[in-house]
Amino acid sequence: MTGYEIRIGLEIHVELATNTKIFCGCAVEFGAPPNSQCCPVCLGLPGSLPVLNRAAVEYAIRAALALNCTINLYSEFVRKNYFYPDLPKAFQITQDDKPLAVNGLLRYYLGDELMETQITRLHLEEEAGKSIHSGESIIGSEYTSVDYNRAGIPLAEIVTAPTMNSPAQARAFLEQLRLVLQYAGVSDCKMENGSLRCDANITVHPEPGMRVEKVEIKNLNSFRALERALAYEAERQVRVLERGGTVMPETRTWDERAQKTVRMRVKAGAPDYRYFPEPDLPPLELDAAWIEEIRSTLPELPLEKEARYQEAYGLSTYDTGVLVRAPQLAQVFEATVAQGRDPKFVANWVTGDYAHLARLGGTVSAEHFGQLLDMISSGAISAAQGKTVLQEMFARGVSPREFVAEMGFTVIADRDFLGKVIREVLTGHPELVERYCNGEDRLLGFFVGQVMKATNGRAEPRLVNKLLVEALAEGRNWQPRAE
Ligand code: ZN
Ligand code: MN
């Protein structure tokens, strides 16, 4: 691949989280029985008229502001004409040369490097129905059914400049875009449900800036599919060029099963969509004060939050990354830290056991979680016991204090008892004791582990550590030497 410049641009469609469709009052609930959420307007029956949903405009403005776009106070709706079974009117109401927003910017990390990508435009349009192909995909399917529940769901279409230079960068961009839109609360962005969809275009230039034809890839339903499809396509184009061939301008689809891109259609010139102004909708004229009002309700966005966590709490980039990527975790972290607890201690628990259990389902309130952490940090229970308590809190919603009392959890801090356990552990491992005495300090961890195991995790770890060090310092007393 050396010597070639890759350029990637993305086109993302996001379903906005309104309660009803963009031009009618039909519900937009996902997973409803096919064709149960339709009316004359979204089915495009003759004589029906669209009425613009104010909430859809508000969500699109929120998305545009979160992406640092300039909002056009004047924009227009047009008809984009084409024939496809999922498009009931045989045209889509969209925006063309006068879009809602332009000239945005998204910053994101690719590894440790801060990148930025221009957002060319963001416009409002209506969703088409959903074609359901028999078999697994359009490739080789025998027939297709259409569900019009989706027709008329409000969409924001977001187009980037074609300036990304690797499949990994395109993925990092899309992950951050999704996070920003989730933070802004404009969409659930579930790629698996199709509420966030991405098409990519890619060119491979033998020399920087040399003009080549664009290939578009559709059907990228996951971050992994996006990255793999682009990597496959970049290699394919390089192979064509190396053979002295020419890359054809075409639209390809990602075949998930075969893990390769497949030609769908050749681009014989741009399709003629015969755009013309939508006669049934007036131009969209916005009040600047309303836009400022929406701007003032935007929350702190992921990159700002990440910087704040690092500065205010001294958290590692790993911890901040985990927290920021899961807003629910960030919320629990902040609420727990707000009551004066040590941020690093809280972050360890949130990104560790809490995150793991939350992934399996359920939540635990910050209040209960905070109580648990206090019991651990004060030494009332051990960390190992704390893990068990947290599991029960997730599984059964128990209060940590009641559960600990009920189970009779206590920490063993009895020096005599622990001394006995330690003696047993050390006499059980004479060779290791000898190695420790000869300078292998790291074996201490092993001995601590054995004592914790022998006490079912109930021993006070700091005390165990201290007693072990003391005991080993007088190692000769314990070592059963044959003298
Ligand atoms: Zn409808
Ligand atoms: Mn579109």
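Hi everyone, let me start with one residue pair: R79 stands opposite I93 in β5. Before going on, the ground rules: this is a predicted model, where local features need pLDDT of at least 70, side-chain atom pairs count only at pLDDT 80 or more, and totals for chains, interfaces and linings use all residues. Residues are numbered from 1 along each chain as its sequence is written, chains are lettered from A and ligands numbered from 1 in the order in which they are written, and side-chain values use heavy atoms, with hydrogens and water left out.

Back to the strands. Strand β4, residues 78-81, is joined to β5 by four bridges, and the two run antiparallel. Helices (H or I, at least four residues) and strands (E, at least two) are DSSP runs, numbered from the N terminus. Two strands pair if DSSP finds at least two bridges between them. In general, strands of a sheet pair through backbone hydrogen bonds, either parallel or antiparallel. Here three strands make an open sheet in the order β5-β4-β15, with antiparallel pairing. Its edges are β5 (91-94) and β15 (276-277), each pairing on one side only.

Now the metals. Which residues coordinate the zinc ion, ligand 1? They are C24, C26, C39 and C42, each through SG, at 2.3 to 2.4 Å. A donor here is an N, O or S atom within 2.8 Å of the metal (3.2 Å for Na, K and Ca); water is not among the atoms, so sites may look incomplete. The angles between the four zinc donor atoms are 100 to 115°, which makes the arrangement tetrahedral; for four donors, that label requires all angles to lie between 85 and 135 degrees. Along the sequence, the zinc donors are spaced C-x1-C-x12-C-x2-C. C24 and C42 both lie in the loop between β1 (5-15) and α1 (54-66), so the pair ties together parts that are 18 residues apart in sequence. Both of these cysteines, C24 and C42, are buried, meaning under 20% relative accessible area; exposed is over 50%, and partly exposed is in between (1.4 Å probe, protein chains only).

The manganese ion, ligand 2, has H13 (NE2), E125 (OE) and E157 (OE) as its protein donors, 2.1 to 2.2 Å away. Their spacing along the chain is H-x111-E-x31-E. E125 sits in strand β7 (residues 113-126) and E157 in strand β10 (residues 154-160), so this pair links parts 32 residues apart in sequence. Buried or exposed, what are these two glutamates? E125 is buried at 3% relative accessibility, and E157 is buried at 9%.

Last topic: salt bridges, each a side-chain nitrogen of Lys or Arg within 4 Å of a carboxyl oxygen of Asp or Glu. The count comes to 29. One of them joins R252 to E250 at 2.5 Å, N to O. R252 is buried at 7% relative accessible area, as is E250 at 2%. Bridges with shared partners join E233, R236, E250, R252 and R263 into one network.

Another one pairs R171 with E175 at 3.0 Å. These two are four residues apart in helix α2 (residues 167-184), about one helical turn. R171 is partly exposed at 24%, and so is E175 at 34%. There is also R107 with E116, at 3.1 Å. R107 is partly exposed at 39%, and E116 is partly exposed at 46%.

Thanks, everyone!

Methods: Tetrahedral: all angles 85-135°; square planar, octahedral: opposite > 155°, others 65-115°.
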